[in-house]
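Please examine the sequence and the structure shown here before reading on.

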Amino acid sequence: MNIKELDKAYVANTYARFDAVITKGKGSTLYGENGEEYIDFGSGIGTNAFGAADDVWKEAVIEQLNKIQHTSNLYYTEPGAILAEMLCKKTGMKKVFFSNSGAESNECAIKVARKYGTDQNPDKNVIITLENSFHGRTITTLAATGQDKFHHNFTPFTEGFVHVKANDIDALENAITDNVVAIMIETVQGEGGVNVLDKDYLAAIEKITTEKDILLVIDEVQTGNGRCGELYSYMGLGLTPDIVSTAKGLAGGLPMGATMLGSKVENTLSYGDHGSTFGANPVCAAAAISNIKRLDDAFLGEVKEKSAYLIDELKKINGVKSVSGMGLMLGIETEKAAGDIAKEALNKGLLVLTAKTKVRLLPPLNITKDELDRGLKILKEIIEK
Ligand SMILES: *Cc1c(COP(=O)(O)O)cnc(C)c1O
């Protein structure tokens with residue numbers, strides 16, 4: 001059996017895969033099983049922050065692999081401790097809990113918020129999230145996700161989530177009660193369609209959460225780690241979150257989640273309240289240290305420049321109705337169906353993603369100008385055809 005047949009026969013039917021087997025890559029160029037070459041505008045859904053098989057990233061991973069791959073959290077390890085310090089010093093957050101995925105980083109955020117609220121009053125457990133949000137695939141993070149299509153099976157869901165319309169300040173204010181402990185947002189909704197939240201809406205959230213002792217939880221699973229041109233997107237938006245969750249790009253393609261806790265909640269969890277066998281895995285943490293070090297102001301400046309260039313060039317394409325997003329997280333609204341564009345792009349040697357009705361681009365942050373131009377050329381051909 002070939003790889004596609006083998007996968008169809010034995011891997012659970014949860015993914016509608018593109019018709020390609022990816023075997024290797026270098027930077028933003030990937031290769032298929034028969035030598036096909038692809039420009040990568042997806043970076044494994046925003047995880048391969050520095051592209052495929054990046055030399056600096058690899059060195060960090062291999063150096064740690066040569067020492068030890070895993071210890072469990074029964075012992076102290078250097079990479080996790082150093083990474084936590086780096087994240088706190090760069091963000092002003094106080095403590096970090098490490099896990100292995102975005103959903104888990106949000107589970108921790110939700111547990112911390114619920115404990116913070118119910119320590120005051122057993123009913124203070126309600127978390128407001130937004131329509132079209134996406135927070136993960138566990139039962140609780142599905143409940144948090146404000147999209148009905150995720151709420152059909154798997155009942156009963158975790159209670160205590162209220163979904164309000166994004167960018168509607170009145171709807172948010174009307175949802176606030178004494179039982180609300182947190183508001184949880186993505187600054188740019190990724191899976192929900194690359195929707196950027198309005199500046200005045202974010203300002204209203206900041207005001208409400210500050211005045212009412214409601215926690216501001218920001219899901220930076222997709223927007224974080226340089227993706228939007230800041231280390232974490234909120235840092236450029238005048239927000240002071242109490243909890244920040246992240247994953248995707250953090251360890252550059254290795255599974256790692258982190259939940260950063262601000263001063264209000266830094267001591268909310270105590271011994272035994274939470275844990276993860278693989279959390280702060282030394283190899284993943286070493287990869288993340290290497291990534292976070294490289295995401296300095298100069299590098300983030302380049303991300304912003306590439307973003308501006310990409311947006312400009314995309315807007316010039318006939319058939320592009322609008323471009324949304326921040327940094328190298330962009331959504332393109334087109335006259336043609338996004339799914340068809342993504343399939344055609346693959347056939348022409350370009351990997352792109354979709355989000356709802358949009359074509360979504362999440363290229364590696366260090367993509368070269370040449371690779372950007374080659375990808376743009378293919379997109380232009382397809383969209384203008
Ligand atoms: C991808 C994503 C998640 C889920 O991450 P997993 O690693 O798949 O669990 C959660 N929140 C946001 C905003 C995401 O983009």
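## Residues with a positive phi

Ser 72 is buried, with a relative accessible area of 18%; buried means under 20% relative accessible area, exposed means over 50%, and partly exposed lies in between, using a 1.4 Å probe and protein chains only. Ser 72 belongs to the loop between H3 and helix H4 (78–91). Helices (H or I, at least four residues) and strands (E, at least two) are DSSP runs, numbered from the N terminus. The phi of Ser 72 is positive, about 80 degrees, although Ser 72 is not a glycine.

Lys 356 also has a positive phi, near 50 degrees, and is a residue other than glycine. The loop that holds Lys 356 runs between strand E16 (353–355) and strand E17 (358–361). Lys 356 is partly exposed, with a relative accessible area of 42%. Most residues other than glycine have a negative phi, and most peptide bonds are trans.

## A cis peptide bond

The peptide bond from Thr 155 to Pro 156 is cis, and its omega is near 0 degrees. Pro 156 is placed in the loop between helix H6 (139–144) and strand E6 (161–164).

## Basis of the model

The model is predicted: local features need pLDDT of at least 70, side-chain atom pairs count only at pLDDT 80 or more, and totals for chains, interfaces and linings use all residues. Residues are numbered from 1 along each chain as its sequence is written, and side-chain values use heavy atoms, with hydrogens and water left out.

## Two residues of helix H3

Gln 64 is part of helix H3 (residues 55–65). With a relative accessible area of 8%, Gln 64 is buried. Apart from its neighbours within four places in sequence, Gln 64 is in contact (heavy atoms within 4.5 Å) with Pro 79, Pro 282, Val 283 and Ala 286.

Val 56 lies in helix H3 as well. Val 56 is partly exposed, at 43% relative accessibility. When neighbours within four places in sequence are set aside, Val 56 is in contact with Ser 290 and Arg 294. The C-alpha atoms of Val 56 and Ala 287 are 9.2 Å apart in space, while the two residues are 231 residues apart in sequence.

## The ligand and its surroundings

Which residues surround the ligand? They are Ser 101, Gly 102, Ala 103, Asn 106, Phe 134, His 135, Gly 136, Glu 186, Asp 219, Val 221, Gln 222 and Lys 248; a residue is near a molecule if one of its heavy atoms lies within 4 Å of it. Helix H5 (residues 102–118) supplies the largest share of this shell, three residues.

An oxygen atom of the ligand lies 2.8 Å from a polar backbone atom of Gly 102. A nitrogen atom of the ligand is 2.8 Å from an N or O atom in the side chain of Asp 219. A polar side-chain atom of Lys 248 is 2.6 Å from an oxygen atom of the ligand. The protein covers 82% of the 380 Å² of accessible area that the ligand has on its own, as given by the Shrake-Rupley method with a 1.4 Å probe.

## Two domains

The protein chain is divided into domain 1 (3–53 + 297–384) and domain 2 (68–294), with bounds from an automatic or database domain assignment. The C-alpha centres of domain 1 and domain 2 are 26 Å apart. Their contact takes 27 residues from domain 1 and 29 residues from domain 2.

Key
Polar contact = N/O pair within 3.5 Å; in protein donor to acceptor, adjacent residues only side chain to side chain.
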